[in-house]
2 protein chains.
Amino acid sequence: MPKKRVTLAALTSAAVLVADRDGFEALTLNGVAAELDVAASTLYTHIYGLDGLKSLVAAAGTRNLTEAVRNSAIGASGVDALTAMAIAYRAFALSHPGQFASTLLPPRSDLDELAATNEALLEVFVLVYRGAGLEADEARLAARALRSAIHGFLALEHTTATPSEHDAEYRYLLDALQLGLLHDHAGVAR
Amino acid sequence: MPKKRVTLAALTSAAVLVADRDGFEALTLNGVAAELDVAASTLYTHIYGLDGLKSLVAAAGTRNLTEAVRNSAIGASGVDALTAMAIAYRAFALSHPGQFASTLLPPRSDLDELAATNEALLEVFVLVYRGAGLEADEARLAARALRSAIHGFLALEHTTATPSEHDAEYRYLLDALQLGLLHDHAGVAR
DNA sequence: ACCTGAACACCGTTCAAGT
DNA sequence: ACCTGAACACCGTTCAAGT
């Protein structure tokens, strides 16, 4: 290798690797630079500092999560699809802790890319609700509600170190939400 | 003041102040030491490094959150109590962002204090569900489900910078959860 | 027992210099 | 255009020294 060449793709995958391996809070410019065998200052040619690196991981992580969730729902619809998506969501969070943690980023300035990827994830849920008969507004509310619940459960699971009865608790939450008022939502008192 | 004296209480309140003012990720030993007008190395006499400082804030934050939630439910029961608690939970998160962020800490070694404060928060929800007629196991499941949903919504709200229709979305989530299968949970298909 | 100051390793960031 | 190395400010942590 006569020359050291850093591509954005290589930078992204190296950053994702470090985040999943060492934890998102341990994601560092020097660490990623070492992974690429490059000086840390080189990264400034491609990204805007540490914040840029974190946003890069957040965008890639959200994209990967979206893909996993979307694929899990192929060939299913309604409650079955939503259950499969919730399970895939959790599996992704458990196997890619760094990428999952990057999802909880505090509000950044470059919300363009990040907001778009987040919207894409939500859209997967919206599509299922729409396919089940909910109109646009309610499908969106249901999608956000389910996403919030899933995310909150996984965030707390990620924090507490007691993975004992979490399967049953996750099922209970999803059942309690009735997967977002999908069926019989007209009969719910509210 | 002839002598500089650092108490654990002063250290805690200074750390909480910095976390809420500058953000939890900006919480720093040097920053807190400066707030106390003390050398940074002094803090090692009282706490175990930066991790200890973060755990301190997390424990204090969870305690404060628990107190706010508990107080909001005084004089109410059932759905009314749970709604008031959910609203108080959100109000605390919005007005004390640093303490709320400390709640999502990754698993630490000193889980004793932190796990106890988390348990105390959950207990408030459990008590309401028990008072509404649910038996111990189900009250605990319902409490965890509601806590997860609330937490997830607030975490996502804290991330996204669009506080437009969040009130309606929060209500929708709580309604969809039916506040944890409190009423008519026997009729839910699952 | 508590606090200090110096020291060290590490980090993010900038920038003149190389190719 | 991309990469480097030195430089700077800042941080967490340790420790001998002071009181």
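Predicted model: local features only at pLDDT ≥ 70, side-chain atom pairs only at ≥ 80, totals over all residues.
Me: How many of the residues of chain A count as buried, and why are they called that?
Reply: Of its 190 residues, 49% count as buried. They are called buried because the relative accessible area of each is under 20%.

Me: Which residues touch the most other members of the largest nonpolar core?
Reply: The core holds 68 residues, and those touching the most other members are A:Tyr89, A:Phe125, A:Ile150, B:Met85, B:Tyr89, B:Phe125 and B:Ile150. They belong to a nonpolar core because its members are buried and joined through side-chain atoms within 4.5 Å.

Me: What is B:Tyr89 in contact with, leaving aside its neighbours within four places in sequence?
Reply: Its partners include B:Leu65, B:Phe100, B:Phe125, B:Arg147 and B:Ile150. Each counts as a contact because heavy atoms lie within 4.5 Å.

Me: Which residues are closest to DNA strand D?
Reply: Of the 16 residues that surround DNA strand D, the closest are A:Val6, A:Ser41, A:Thr42, A:His46 and B:Tyr44. By class, this surface has six nonpolar, eight polar and two charged residues.

Me: What makes the approach of B:Leu50 to DNA strand D a polar contact?
Reply: A polar backbone atom of B:Leu50 is 2.8 Å from a phosphate oxygen of DNA strand D. The limit for a pair of N or O atoms is 3.5 Å, so this pair qualifies. In chain B, helix 2 (29-35) and helix 3 (49-72) each give two or more residues to the surface near DNA strand D.

Definitions and conventions:
Residues numbered from 1 in each chain as written. Chains lettered and ligands numbered in written order. Heavy atoms only, no water. Buried < 20%, exposed > 50% of the residue type's maximum accessible area, 1.4 Å probe, protein only. Near = heavy atom within 4 Å. Polar contact = N/O pair within 3.5 Å; in protein donor to acceptor, adjacent residues only side chain to side chain. Helix = DSSP H or I, 4+ residues; strand = E, 2+ residues; numbered from the N terminus. Nonpolar A, V, L, I, M, F, W, Y, C, P; charged D, E, K, R; others polar.
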